[in-house]
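Open the model in a viewer and keep the selection panel at hand.

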Amino acid sequence: MKKTILSALAGETLPVPPIWMMRQAGRYLPEYRATREKAGDFLTLCYTPELAAEVTLQPIRRYDFDAAILFADILLLPQALGADLWFVTGEGPRLSTLTTPEGLAALKPVESIHETLAPVYETVRILSRALPRETTLIGFAGAPWTVATYMIAGRGTPDQGPAHALKATDRATFQGLIDRLTEATIHYLSAQVEAGAEVVKLFDSWAGSLKGQDFDDFALAPAKRIIAGLKARHPGLPVIAFPREAGPRYVGFARATGADCVAIDNSVTAEWAAENVQRDGCVQGNLDPALLVTGGERLVAEARRIVRAFAGGPHIFNLGHGVTPDADPDNVSRMIEAVRG
Ligand code: CP3
């Protein structure tokens, strides 16, 4: 029997949607916090294959999700290209900033990323042996625009201001960075697939801040190149794209990029997405992660509403964004029960 996630990605409408959660391995789980403590810091956890595989498996053991997502981070790729990267506890990532032609020229060649990223591929190999037969293994990378926003600013920003500024003042350097990340992402995801990832997902968390032609040039075009590059090397590889907060630009995104599935955030309704996005194929989403903190009847009602809204076509149940550290693990069980029950 085909794995449920792969069936949905192939366009099948299933009686019960397969389910997994963005950031399903994370701080809301006591067992994650224990392994994270053992590793000492977040990056050591990412680069120690046995521990990264262990935290990937924790939510599968606890909840029996239909997919496991490789435990790593979108910012490992810039690090492999030569950026400095560190995480400040309670604040988030910090990187060396890239804002000049010299900075772009100093990046390492894309072929050399595998030196740094080899432990990530080893994590994938461990997982493809350890996962239950019915569980799909998802690899991932950040989309070029989102990764570039962190590389340019050196940190997360509320409005991606520094990246928009570089785009306006030094287009050549900005475009050069996007192109370099696009190439590197093909190499990175391709290596994950060779190690055993069955599906890959492209996270464009800040796609919503690209407007008009910028959305076409820096969200759509790089996704299209990455997907074409991957499918040329791995025919039939299913790809999920997540242009978060794309709003009306979710419409036609799959057709324009070649993605097999579009992940939808919770700023749009499931009913709207069913009518306007699911007509092109599989969609993933889109429960508000805040409901896993508050729980109660609304959690159950909203989960059921989303299942109903998408019941007429291929659907993978997920959140609209990552589960938060203050989520109640019991609410995750209630969500799964509402979807499967
Ligand atoms: O989904 C999963 O379980 C797989 C692992 C995964 C992580 N990050 C682990 C992580 C994935 C797919 C990501 C993607 C990621 N990382 C994105 C895109 C998706 C999104 O959420 O929008 C982005 C923008 C990042 C960059 C990043 N990593 C930030 C901004 C932060 C700090 C914010 C925070 O939650 O602390 C991280 C850290 C991070 N990545 C954690 C985890 C589990 C928390 C680190 C910890 O344990 O202290």
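How many cavities of 30 Å³ or more does the count come to? The count comes to one. The model is predicted, and the values below are computed from it.

**Stop 1: the cavity**

Select A143, L202, D204, A219, A223, A241, F242, P243 and F253, which line the largest cavity. Its volume is about 50 Å³. Colour the selection by class: eight of the lining residues are nonpolar, none is polar and one is charged.

Now show the cartoon around this selection. Three elements, β5 (199-204), α11 (213-233) and β6 (239-243), each supply at least two residues of the lining. Which element gives the most to the lining of the largest cavity? Strand β6 does, with three residues.

**Stop 2: the largest pocket**

Move to the largest pocket, which holds about 1400 Å³ of space. Among the elements, α2, β2 (85-88) and β3 are the ones that give two or more residues to its lining. Coloured by class, the lining shows 21 nonpolar, 12 polar and 10 charged residues.

What takes up space in the largest pocket? Display the ligand: the space it takes is this pocket.

**Stop 3: the shell around the ligand**

Select the residues around the ligand, 23 in number. R23, R27, Y32, D73 and S205 come nearest to the ligand.

By class, the shell divides into 15 nonpolar, four polar and four charged residues. Helix α2 (30-39) and strand β3 (92-95) each supply at least two of the shell residues.

**Stop 4: polar atoms at the ligand**

- From S205, a polar side-chain atom lies 2.5 Å from a ligand oxygen.
- From R27, a polar side-chain atom lies 2.6 Å from a ligand oxygen.
- From H321, an N or O atom of the side chain is 2.7 Å from a ligand oxygen.

How much of the ligand's accessible area does the protein cover? On its own the ligand has 870 Å² of accessible area, and the protein covers 87% of that.

**Stop 5: two backbone details**

Select G285 and N286 and show the backbone atoms. The peptide bond from G285 to N286 is cis, with omega near -15°. Where does N286 sit? N286 is in strand β8, residues 282-287.

Last, select Q160, which is in the loop between α8 (144-153) and α9 (161-169). Is the phi of Q160 positive or negative? Phi is positive at Q160, about 55°, although Q160 is not a glycine.

Note on methods. Residues are numbered from 1 along each chain as its sequence is written. This is a predicted model: local features need pLDDT of at least 70, side-chain atom pairs count only at pLDDT 80 or more; totals for chains, interfaces and linings use all residues. Side-chain values use heavy atoms; hydrogens and water are left out. A residue is near a molecule or strand if one of its heavy atoms lies within 4 Å of it. A polar contact is a pair of N or O atoms within 3.5 Å; within protein, one must be able to donate a hydrogen and the other to accept it, and residues adjacent in sequence count only if both atoms are side-chain atoms. Accessible areas come from the Shrake-Rupley method with a 1.4 Å probe; for residues, only the protein chains shown count as cover. On a 1 Å grid over the protein atoms alone, a cavity is a set of points where a 1.4 Å probe fits but cannot get out, and a pocket is an open set with protein on both sides within 12 Å along at least five of seven lines; lining residues have an atom within 4 Å of a point. A molecule sits in a cavity or pocket if more than half of its atoms lie within 2 Å of its grid points. Helices (H or I, at least four residues) and strands (E, at least two) are DSSP runs, numbered from the N terminus. Ala, Val, Leu, Ile, Met, Phe, Trp, Tyr, Cys and Pro count as nonpolar, Asp, Glu, Lys and Arg as charged, and the others, Gly among them, as polar. Grid points are joined across faces, edges and corners, and a volume is the space filled by probe spheres set on the points.
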